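Please look through the structure shown below with its charged side chains in mind. The paragraphs after it are meant to be read alongside the sequence and the 3D view.

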Amino acid sequence: MPLEQIEILSSNEIRRTLTRLASQIVEKSGNLSKLVLLGIYTRGVPLAEKLAEQIEALEGVRVAIGAIDITFYRDDLDTIAVRTPAKTNIPFDLSGKTVVLVDDVIYKGRTIRAALDAVIDHGRPEVIRLAVLVDRGHREVPIHPDFTGKKLPTAKEETVKVYVQDIDGRDGVELIKG
């Protein structure tokens with residue numbers, strides 16, 4: 001049976017969604033000088049950069065951006081494909097900051113659990129929040145995003161694929177069935 005690809009978010013819908021998420025992050029964060037965005041490799045990093053651009057457009061403040069690799073913090077390394085870790089880049093102190101972890105899709109919650117461990121190894125933030133473009137459900141750990149672009153109930157055998165311009169040459173979100 002061939003795979004069925006269904007567009008969930010177009011490039012324009014992603015742009016509007018990121019603008020809404022940026023507004024929500026600003027509202028909940030208060031003091032923007034304490035706000036940092038940490039993108040989770042791979043697609044969370046360009047999404048964090050786009051959110052920072054939106055926050056700057058809205059508020060005139062450039063927030064700090066970092067990138068975090070969670071490969072060695074995962075509890076499921078034996079079940080995922082082999083991958084080369086990326087370089088964590090956090091060029092600022094996290095102590096006392098409001099950290100917003102940014103990822104493309106939240107599914108079982110294990111990536112975010114690993115990201116929390118990685119963040120704590122790099123400092124003691126005042127608060128850690130989570131922003132995701134798509135929440136597809138099916139949590140295995142009790143983690144819930146603070147900021148969600150799109151809630152998308154899925155079947156476990158379905159896949160959600162996020163495309164970002166910097167990596168994939170286009171922006172979009174697709175649900176893949178089959």
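This is a predicted model: local features need pLDDT of at least 70, side-chain atom pairs count only at pLDDT 80 or more; totals for chains, interfaces and linings use all residues.

Residues are numbered from 1 along each chain as its sequence is written, and side-chain values use heavy atoms, with hydrogens and water left out.

A search of the whole structure finds eleven salt bridges, a salt bridge being a side-chain nitrogen of Lys or Arg within 4 Å of a carboxyl oxygen of Asp or Glu. One place to begin is Glu140, which forms a salt bridge with Lys108, where the closest N and O atoms are 3.7 Å apart. This pair links distant parts of the chain, 32 residues apart, since Glu140 sits in the loop between strand S5 (127-135) and strand S6 (147-151), and Lys108 in the loop between strand S4 (98-106) and helix H3 (110-121). Helices (H or I, at least four residues) and strands (E, at least two) are DSSP runs, numbered from the N terminus.

Glu140 also meets the side chain of Arg110 in a salt bridge, at 2.7 Å from N to O. Arg110 lies in helix H3 and Glu140 in the loop between S5 and S6, so this pair ties together parts that are 30 residues apart in sequence.

Another salt bridge joins Arg139 and Asp135, with the closest N and O atoms 2.9 Å apart. Arg139 is partly exposed, with a relative accessible area of 26%, whereas Asp135 counts as buried at 7% relative accessibility.

Elsewhere, Asp69 is found in the loop between strand S3 (64-68) and S4, and at 7% relative accessibility Asp69 counts as buried. The side chains of Asp69 and Thr71 are joined by a polar contact of 2.9 Å; such a contact is a pair of N or O atoms within 3.5 Å, where within protein one must be able to donate a hydrogen and the other to accept it, and residues adjacent in sequence count only if both atoms are side-chain atoms.

Technical notes. Buried means under 20% relative accessible area, exposed over 50%, partly exposed in between (1.4 Å probe, protein chains only).
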